[in-house]
Amino acid sequence: AQLHYSVPEDRQPGSPVGDLAKDLGVEVRSLATRNLRLVSEGGQRHFQVDLAAGVLLLDGRLDREELCGQSPTCSLHLQLVMENPLQLHRVEVDVLDVNDNAPQFPKPEVVLEITEVANPGTRLPLEVAEDPDMGSNSISTYELSPSKHFSLSINVRGDGVKMPEILLEKALDREKVAVHHLTLTALDGGNPVRSGTARVIIHVLDANDNPPVCDPPISKVYLEENVPVGTLVTKLNVTDLDEGPNGDVEYSFKTSNNAPGKFTKVFSLDPRTGDIRTKAPLDYEESNAYEIAVRARDKGSPAMEGHCHLRVELIDINDNSPEIVLTSLSSPVQEDAAPGTVIALIGVKDSDSGDNGQVRLQIAKELPFKLVSSFKEHFSLVTNGPLDREKASGYNITVRAVDSGSPQRATQKTFYLRIADINDNAPNFSSPFDTAHVQENSLPGTSVFSVLASDPDEGSNARLSYSILDNGMQDVPISTYFRIDQDNGTVYTVRALDYEQDKVFQVPVEVKDAGSPALSSTAVVHVFVLDENDNAPTIVYPSVPKGSAFHQTIPALAEPGYLVTKIVAVDADSGHNAWLSYQLQETTEALPFQVERRSGEIRVAQALRESEDPHKLVIEVRDNGTPSLSASVVIVISPEENSVQDFSKSLDLPQSSPKDTNLTLYLIISLVSISLVSCVMFAVVAARCL
């Protein structure tokens, strides 16, 4: 509801303003139980509530001029909040003006100058009296003490302000009267009438007899509030019929010492050209109009002056965004709340005027809530359908306020509404199957993999613990190889792993929540052991005891390219760790033999001499791991005359060239790469199928 009261500004503190209980239609005794409280929108406390009588009382003396200044209306806005059920009522109190201020002139004494050649009808502008009261209590008229030379003329400005001027009725003679003393009285329209006076002293001067004249003397300009600084407002049109210095006009703002014009802070005046420009940003919300008084003074002796009055009215631009105020929020809310349950009370306001200040409030249509207008600029957010915490444990509700300006301005405010929970969701792993890799021979306690599970519930219903299940898929219990941190799901090794013994493990992991009853789910982690170069090559052929040598005879006349024998070695590792190369250890003497690096074939490199002694060759087999491991064998080759030539020698084959050796190396690398890729693909497919 919205209540409206009025109170004169001179009412004593404690005076009743309105009967809240009667106007709200509630019983007085229920006000205390419903926790009736008063909220002032301006932040200052001017009123209080008598809960025993149900009456709104003044908390302090009101001063309309201090509260609202020169505003034609003066209203104070309050909010009454009652609980059980929650209700919000708006109270608007009009502060009525009383005639408690007398008119006052800016200066108690006004000194004017007029040339003795001034024609009847010459006008001398006077300072406007000020009265803080408004309406009929403001200044009503002016009176001038009787004079045979002067009378009083009153003009009405564009904003309704009455401007007194002294009108010359009869020609002056300075030789008879050089100074005239008058009294100007300002009267307001209150009851009783209050007045203020100022002494007017008029000096009659000689010579310069034409004052500057502003055309028109009173003008009005409309200006948008967002114009840039330095914008030309107007150019004053002032003429002076005199010539020379008497017709040279200088311009200045006309202000009073007691009340300097606020327009001087936002406007500048060129003293030579009369151009009025903005010198500070304009704000319609701060002031929607400015009254500018300009003095046009010539350089004659004595100087004469004219006065121009300009009213600048600002055009409101939509430069203020709406403001959203969340008055009350009930969170969390049960998921079984009935449609129409009040969730929040929301207020909105916009500092702009007219359409620029008209605000609409809206929320997303897909939310199970809606906005209900309580009264002007106040809304209630209520449920508009069933709530389901399993679909949404909470809602980020964004309230958007849009004004009706052009272009529109909008503001949004987001708040979170939580929904109550029960344990009806089992934990879920991010993937039912995961793959991890661990280097063989890693120290016990090495981190292998971290499984991740989530539970849409909250609190203890979402507190998870992890464990490893022994499902009998391995020959040895899986717990002897791996353990898991029950809090974060990180899997660690229990002992060092051997690639040559076990290449892959299936680790079943269970996650369980702490709800009642507890819910759980499982996932399988396939742990692949990565090979490490921990096995040296083993020479299969020739097989000789350690510390012994292998003896091989060849024909004494064996030619280059003759195949003496072939070294065959294997490596228990895999991949590049099992790539083997063969080479002769360097000796002090040159040997007539060579070893194929990749095949291990020993061939005659140059023709043998007759009666040549046996040759001792040390063949080293080295793998491609890091660090590289090796094995060696000693072969003693003895040329003999009666030795039968090996059928496998390749006398008719050309000697292997470096190009052939490189080609063989490329073929070996390609075959090994294809084999590795095939093994990895088969392992992945097998893991997915399991």
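The structure is a predicted model, in which local features need pLDDT of at least 70 and side-chain atom pairs count only at pLDDT 80 or more, while totals for chains, interfaces and linings use all residues. Residues are numbered from 1 along each chain as its sequence is written, and side-chain values use heavy atoms, with hydrogens and water left out.

**Aromatic pairs**

- The model holds 8 aromatic pairs, a pair being two rings of Phe, Tyr or Trp (its six-membered ring) with centres within 6.5 Å; planes under 30 degrees apart count as stacked, over 60 as edge-to-face and the rest as tilted.
- Phe105 and Tyr142 make a tilted pair, because their planes stand at 55°, with ring centres 6.2 Å apart.
- Phe105 belongs to the loop between strand S7 (87–96) and strand S8 (109–115) and Tyr142 to strand S10 (residues 139–144), so this pair ties together parts 37 residues apart in sequence; strands are DSSP runs (E, at least two residues), numbered from the N terminus.
- Phe105 is buried at 7% relative accessibility, and Tyr142 is buried at 4%; buried means under 20% relative accessible area, exposed over 50% and partly exposed in between (1.4 Å probe, protein chains only).
- Tyr541 and Phe550 pair edge-to-face, at 6.1 Å centre to centre and 65° between the planes.
- Tyr541 is partly exposed at 39%, whereas Phe550 is buried at 17%.
- Tyr481, Phe482 and Phe505 form one aromatic cluster.

**Charges over rings**

- The charged end of Arg495 sits over the ring of Tyr481, 4.1 Å from its centre; this requires CZ of Arg or NZ of Lys within 6 Å of the ring centre and within 35 degrees of the ring normal.
- Lys503 lies over the face of Tyr499, 4.8 Å from the ring centre.

**Ser543**

- Ser543 lies in the loop between strand S40 (538–541) and strand S41 (549–555) and is exposed at 63%.

Methods: Helices (H or I, at least four residues) and strands (E, at least two) are DSSP runs, numbered from the N terminus.
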